[in-house]
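I hope they are handy when you open the coordinates yourself.

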Amino acid sequence: MTYRMIQWYTGEIAQEQIRLIHRHPELELVGAVVFHEEKSGLDVGEIAGIGPIGVQATADANVALALDADCVLYNAPFANYAEIPSILSSGKNVVTVVGGTYPKATPHYDALQRSCLEGQSSLLGSGIHPGLHGDYLPLLATSATHTIRHVRIREWGNMSGYVPTTLRFMGFGESIEDLRQREDYAEYMTTAYREMVQLVADGAGLDFDEVRSECDFAPATCDCENGLVRRGTAAGIRVAAHAMSNGRPIVTEDILWYVDSDLDSEWIPEAEHDDYVLEIDGEPNLKLRVGFSQDGGTILDAAKTSTAARMVNSIPVVCSADPGVLTALDVPVPRGWRPFRG
């Protein structure tokens, strides 16, 4: 069976997905939505650096919604539950890299479920973080314990060289004082991580009272990122989400991103590697470390490729499922689907 695909937004990870879709024997790219008007009308293959493939990008969502397609790979910078329902209502399944991890824990669940039923479509969150390190891996690890006091997932990520618009959107280069005063900052930066801690808690049968978010920042010690980040502005960002029980965390997502490794912060001594660490405080204790590498590329390149691959490998899962909002608790474990031979 060949699945007809639309790539929704075309940033760095999405461009890798375009390349994977173009190579895959059971996938056909039929459209792409772009955020920036200057990309509208361009051949999608040119955007992805593989040359023309005969598919034109559009900045008009209605044009894409009118296309005959089975599935959309949705790559907005942050969760946008206002946009996804229209895609689902048009009859297209959605695999999203932001949000969608555990919509049951959000006020958007009913609207998403109605859209799925209207379009006879399904929604699934995927990726690696949000994604793998906040769904299947911690749930799998809990099966090796009989008592759980605290599940903690930590990410350290060197974001140097990432897309400038995304870095700015995250808050890099902004005044730390201004970031601390922004009431909406913690909410939109931790939306997906708040979903993940609730998914793990529910999946492992851990009762919790509330979910808390927190943010912290570290100033740059010098100008970096080609002047995007000036000395004294935010060069380290730490966000966390906690599922709380009786005043203590039982599931934590703890994420540190930085563009300057010489930060004056207690965070950095921990960050010896750019990787993910899963720790369970329980009986017995458990610790897993997961890292990525890629021939001829950086750790960041490897993580982007892995994120793209997991989304592509989730396509048959979401397309074959019954209509509705799906999570890691509802579907089979995604696996390599017709992987390319090296």
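1. What share of the contacts in the chain with a separation of 6 or more comes from residues 24 or more positions apart? In this predicted model, such pairs account for 70% of those contacts.

2. On the overall fold, the chain has 11 helices and 13 strands. Its radius of gyration is 20 Å, close to the 20 Å from the globule rule for 342 residues, so the chain is as compact as a globular protein of that length. Along the principal axes, the C-alpha atoms fill a box of roughly 50 × 50 × 45 Å.

3. Turning to burial, 54% of the 342 residues are buried. The accessible surface comes to about 15,200 Å², and carbon and sulfur atoms hold 47% of that area.

4. The largest nonpolar core is worth a look: it has 102 residues, and Trp8 and Trp257 touch the most other members. Helix 9, spanning residues 185-203, gives the most to this core, with 9 residues. Apart from it lies another core of 5 residues, including Ile128, Phe292, Ala302 and Ala303. As general background, nonpolar side chains in soluble globular proteins tend to be buried together.

How values were computed. Residues numbered from 1 in each chain as written. Predicted model: local features only at pLDDT ≥ 70, side-chain atom pairs only at ≥ 80, totals over all residues. Heavy atoms only, no water. Core = buried A, V, L, I, M, F, W, Y, C linked by side-chain atoms within 4.5 Å. Buried < 20%, exposed > 50% of the residue type's maximum accessible area, 1.4 Å probe, protein only. Helix = DSSP H or I, 4+ residues; strand = E, 2+ residues; numbered from the N terminus. Rg over C-alpha atoms; globule rule 2.2 N^0.38 Å. Contact = heavy atoms within 4.5 Å. Areas by Shrake-Rupley, 256 points an atom, 1.4 Å probe, with all protein chains shown as cover.
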